[in-house]
Amino acid sequence: MARTRSSSSKWRFCNPSYYLKRPKRLAFLLVTFVCVSLVVWDRQTLLREHEDELAKLNSEVVRLRSLIEEVNDKPQNTIAKVHVEAKKEVDDPIDAERREKVKEAMIHAWSSYEKYAWGQDELQPQTKGGINSFGGLGATLIDSLDTLYIMGLDEQFQKAKEWVAKSLDFNKNYDASVFETTIRVVGGLLSAYDLSGDKVFLDKARDIADRLLPAWDTPSGIPYNFINLVNGRPHNPSWTGGFSILADAGTEQLEFISLSQRTGDPKYQQKVENVISQLSKSFPDDGLLPIYIDPTEGKASHATITFGAMGDSFYEYLLKVWIQGNKTSAVKHYREMWEKSMEGLSSLVRKSTPSSFTYICEKSGDSLTDKMDELACFAPGMIALGSSGYDSEDSKKFLTLAEELAWTCYNFYQTTPTKLAGENYFFHSGEDMSVGTSWNIMRPETVESIFYLWRLTGNKTYKEWGWNIFQAFEKNSRVESGYVGLKDVNTGVKDNMMQSFFLAETLKYLYLLFSPTSVIPLDEWVFNTEAHPLRIVPRNEEGGYPERSDEKRKPYIRLRSRKEGRSD
């Protein structure tokens, strides 16, 4: 009976039994070859039909393999986990362009420092020389490490790292500020370690921290504000009457807790947390402490209360240690103290006439002074950052307060001829505000708050504010060999100093303002008061840490610029 011919009839010749009954084996072999050829032909046809899909898959495999190789080439002993940036976010072309402008400003500032003041604390651009304002610890270099890394300036970062490894020496007969050395040097080195994973930064941070520790050897544990880096003798300046300054004594917690986390040595954390324990014993109901603290008894004196100079960062660190501690019960008392302080801050808030600018007064005894420092412009960012810890009603109230204060701080800039803010402002009935001390040293506090408010609200208006401030710096502060402050924001007369915090804070916050939110995300990093990002490490409810955080960790992968073939 004849077979019905089908589309697969060509395969009948591939049945070995067809030939086994026949004596000619050669025919069997030849037909086997034909069958194999048919299979190969069919598969090649299939491959041609799907070659586009296969090409795409192969390209993706190559890309992933390249990424893995890049990560494996990095140091492995860092706290930062691998963080591939901005793949899920659309990078606005205007943001990208502005980010490149800020990066170029950083290159200009850094190359000027490198050329004229390498290894010294700060650059004097007008005279093209360096000055050791912090005992010759390379303040600008260390302050700039994380900014260089985040911006992807690898060559500059590697050269700076080499200087840290080979030339940074803390054995100097110099009376160092415990506060300034902690926030700039300890914080800068720890941040560089967290980002890069290079242990040289951790070793150096531990060296300088050990030299600072004797400052806490007081009857109360409240530290003295200065210490000699060679002989370890601490003291307070004579002009404070022997008192320790609130901000100076209460702004080392983030750095020293981080150091204990990364080294496994609890002594650093114990010293700085004892300060908060002492202050909490007599913490007032309104949460407002005077700027002078007695290091013998651990109690506050009768002095000015301010969120400006000498008070500011104490309140900032109450909130940020709570964030650093994963908001667990072990750090709950920090949040409770901070919320008391925010109620106290609210009692100092007033509005100007006729424009209703919201501002924070200073307090002395029962009297209020209608004065606000530009330094206090960190407060809008701090309040916004902490607002999410309240219930919905209070959260909205404090976020609104943050936005109103930020508007005032932005107008500190917009109301002067140079569009740069003075050092402080006075408020007068019917006249709104006027500049008090009229210099500008390129401080970061306003752009810091603008950065936080952009991250937390998504309101693009804040980006415009930041860009306007950056343009004012470019117009008034940029010179041939760096950036300088202004002696007077009304006349524009320039000074001769490029402050290290301009590179550490002002330019970093501006860069991040125009970067995707996945670059240094706020749920993974906490900024110290010098804008050095420190990685948040898991902390259990008892206050301990599940493991030492310096063991086999991978570096933070930065965003690259479009010019480098990946995004920046």
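Which residues does Glu-180 touch, not counting residues up to four places away in sequence? They are Phe-134 and Val-185, where contact means heavy atoms within 4.5 Å. The views below come from a predicted model, in which local features need pLDDT of at least 70, side-chain atom pairs count only at pLDDT 80 or more, and totals for chains, interfaces and linings use all residues. Numbering starts from 1 along each chain as its sequence is written, and side-chain values use heavy atoms, with hydrogens and water left out.

**View A. Glu-180 and Asp-312, two residues from the UniProt record.** The unreviewed UniProt entry lists Glu-180, Asp-312, Glu-423 and Glu-445 under "active site". Positions follow the numbering used here, feature names are shortened, and such annotations may be inferred rather than shown by experiment. The lining of the largest pocket includes Glu-180, Asp-312 and Glu-445. (On a 1 Å grid over the protein atoms alone, a pocket is an open set of points where a 1.4 Å probe fits, with protein on both sides within 12 Å along at least five of seven lines; lining residues have an atom within 4 Å of a point.) Glu-180 lies in helix 7. Helices (H or I, at least four residues) and strands (E, at least two) are DSSP runs, numbered from the N terminus. Glu-180 is partly exposed, with a relative accessible area of 21%. Asp-312, in helix 12 (residues 312–324), is buried at 13%. Buried means under 20% relative accessible area, exposed over 50%, and partly exposed in between (1.4 Å probe, protein chains only). Beyond its neighbours within four places in sequence, Asp-312 contacts Ala-247, Thr-306, Phe-307, Leu-375 and Phe-378.

**View B. The largest nonpolar core.** This core has 143 residues. Such a core is a set of buried Ala, Val, Leu, Ile, Met, Phe, Trp, Tyr and Cys residues joined through side-chain atoms within 4.5 Å. Leu-145, Phe-307, Ile-383 and Phe-412 touch the most other members. Helix 7 (residues 178–196) gives the most to the core, with 10 residues.

View C. The open sheet has the order 12-13-14, with antiparallel pairing. Its edge strands are strand 12 (371–373) and strand 14, each pairing on one side only. The twist averages 30° from one strand to the next. (Axes are lines fitted to C-alpha atoms; angles run from 0 to 180 degrees between N-to-C directions.) Strands 12 and 13 share 3 bridges, and Met-372 has Tyr-425 as its bridge partner. Two strands pair if DSSP finds at least two bridges between them. Strand 13 (residues 424–428) joins strand 14 (residues 432–435) through 4 bridges. These two strands form a hairpin with 3 residues between them, and Gly-430 in the turn has a positive phi of about 80°. Asp-432 is the bridge partner of His-428. Phi of Asp-432 is also positive, near 55°, in a residue other than glycine. Asp-432 is buried, with a relative accessible area of 10%.

**View D. His-532 in its loop.** His-532 sits between strand 17 (525–527) and strand 18 (533–535). It is buried, at 0% relative accessibility. His-532 and Ser-191 are 341 residues apart in sequence, yet 5.7 Å apart in space, C-alpha to C-alpha.
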